[in-house]
Amino acid sequence: MRLHVVDHPLVAHKLTTLRDQRTDSATFRRLADELVTLLAYEATRDVRTEAVDIQTPVARTTGVKLARPRPLVVPILRAGLGMLDGMMRLLPTAEVGFLGMIRNEETLQASTYATRMPEDLSGRQVYVLDPMLATGGTLVAAIRELIERGADDVTAVVLLAAPEGVEVMERELAGTPVTVVTAAVDDHLNEHGYIIPGLGDAGDRLYG
Ligand code: PRP
């Protein structure tokens with residue numbers, strides 16, 4: 001697994017405002033959307049392309065377009081939905097699948113309650129969206145499902161990660177073609193599974 005922490009002043013600025021408890025839901029949604037687009041720029045650095053010949057108004061030249069099959073974007077419901085528009089702004093031709101997952105607040109175990117995506121992901125690049133990588137249970141389960149369906153390149157875009165979750169992903173997904181792109185890796189997870197200092201419960205702040 002590869003970890004990419006995006007080091008950019010605009011990313012840090014938007015993340016700081018997201019963390020601030022005074023930021024209301026409407027502002028939180030808008031900033032999360034903007035932050036995802038910045039992260040998506042980095043996350044799509046290795047998106048597959050193919051060469052094309054085109055005619056400009058004055059000459060023939062070669063360029064690139066996104067390769068087939070199209071990338072698949074998978075927001076993890078509920079909170080990942082707040083990241084979908086920001087991602088699709090950069091990949092408007094991508095296909096979208098959905099995974100509904102919930103973490104039990106006591107055991108911190110993740111379980112899947114809804115799945116809507118292609119059965120066969122052979123040869124597909126997949127971008128998974130989830131604002132928080134806390135214990136890592138949710139993303140590990142989601143990525144295993146994608147790899148079982150044949151995905152051969154998975155990038156998880158997360159706003160914020162805990163070092164404990166990164167470690168779990170590195171251990172559980174060792175040797176798999178997985179990249180995690182995040183705005184920051186925070187200090188630690190508390191006993192309730194919250195990222196510290198974090199930004200609170202992303203789902204509640206987006207939709208609560
Ligand atoms: C939160 C968050 C992640 C997950 C991270 O979702 O959005 O999906 O927890 O935790 P983990 O790394 O410890 O598995 P939650 O279960 O609160 O659902 P929601 O998105 O519907 O709010």
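Throughout these legends a residue is called buried when its relative accessible area is under 20%, exposed when the value is over 50%, and partly exposed in between, as judged with a 1.4 Å probe and protein chains only. The structure is a predicted model, in which local features need pLDDT of at least 70 and side-chain atom pairs count only at pLDDT 80 or more, while totals for chains, interfaces and linings use all residues. Residues are numbered from 1 along each chain as its sequence is written, and side-chain values use heavy atoms, with hydrogens and water left out.

**View 1. Glu106, an exposed residue in a loop between two strands.** At 76% relative accessibility, Glu106 counts as exposed. Its place is in the loop between S6 and S7, where strands (E, at least two residues) and helices (H or I, at least four) are DSSP runs numbered from the N terminus. Although Glu106 and His192 are 86 residues apart in sequence, their C-alpha atoms are 7.6 Å apart in space.

View 2. Leu108 is found in the loop between S6 and strand S7 (110-116), and its phi is near 65 degrees, a positive value in a residue other than glycine. Most residues other than glycine have a negative phi, and most peptide bonds are trans. With a relative accessibility of 19%, Leu108 counts as buried.

**View 3. The surroundings of the ligand.** The ligand is surrounded by 13 residues, of which the closest are Arg103, Asp130, Thr135, Gly136 and Thr138; a residue is near the ligand if one of its heavy atoms lies within 4 Å of it. By class, this shell holds five nonpolar, five polar and three charged residues, where Ala, Val, Leu, Ile, Met, Phe, Trp, Tyr, Cys and Pro count as nonpolar, Asp, Glu, Lys and Arg as charged, and the others, Gly among them, as polar.

View 4. An oxygen atom of the ligand lies 2.5 Å from an N or O atom in the side chain of Thr135. On the backbone, an N or O atom of Ala134 is 2.9 Å from an oxygen atom of the ligand, and a polar backbone atom of Gly136 is 2.8 Å from an oxygen atom of the ligand. The elements that give two or more residues to the shell around the ligand are strand S6 (98-103), strand S9 (132-133) and helix H4 (137-148).

View 5. Glu164 has its place in helix H5 (residues 163-172) and, at 31% relative accessibility, counts as partly exposed. Glu164 and Ala174 are 10 residues apart in sequence and 15 Å apart in space, C-alpha to C-alpha. Leu189, by contrast, is found in strand S13 (residues 188-189) and is buried, with a relative accessible area of 16%. The C-alpha atoms of Leu189 and Pro163, which are 26 residues apart along the chain, are separated by 7.9 Å.

Key: A polar contact is a pair of N or O atoms within 3.5 Å; within protein, one must be able to donate a hydrogen and the other to accept it, and residues adjacent in sequence count only if both atoms are side-chain atoms.
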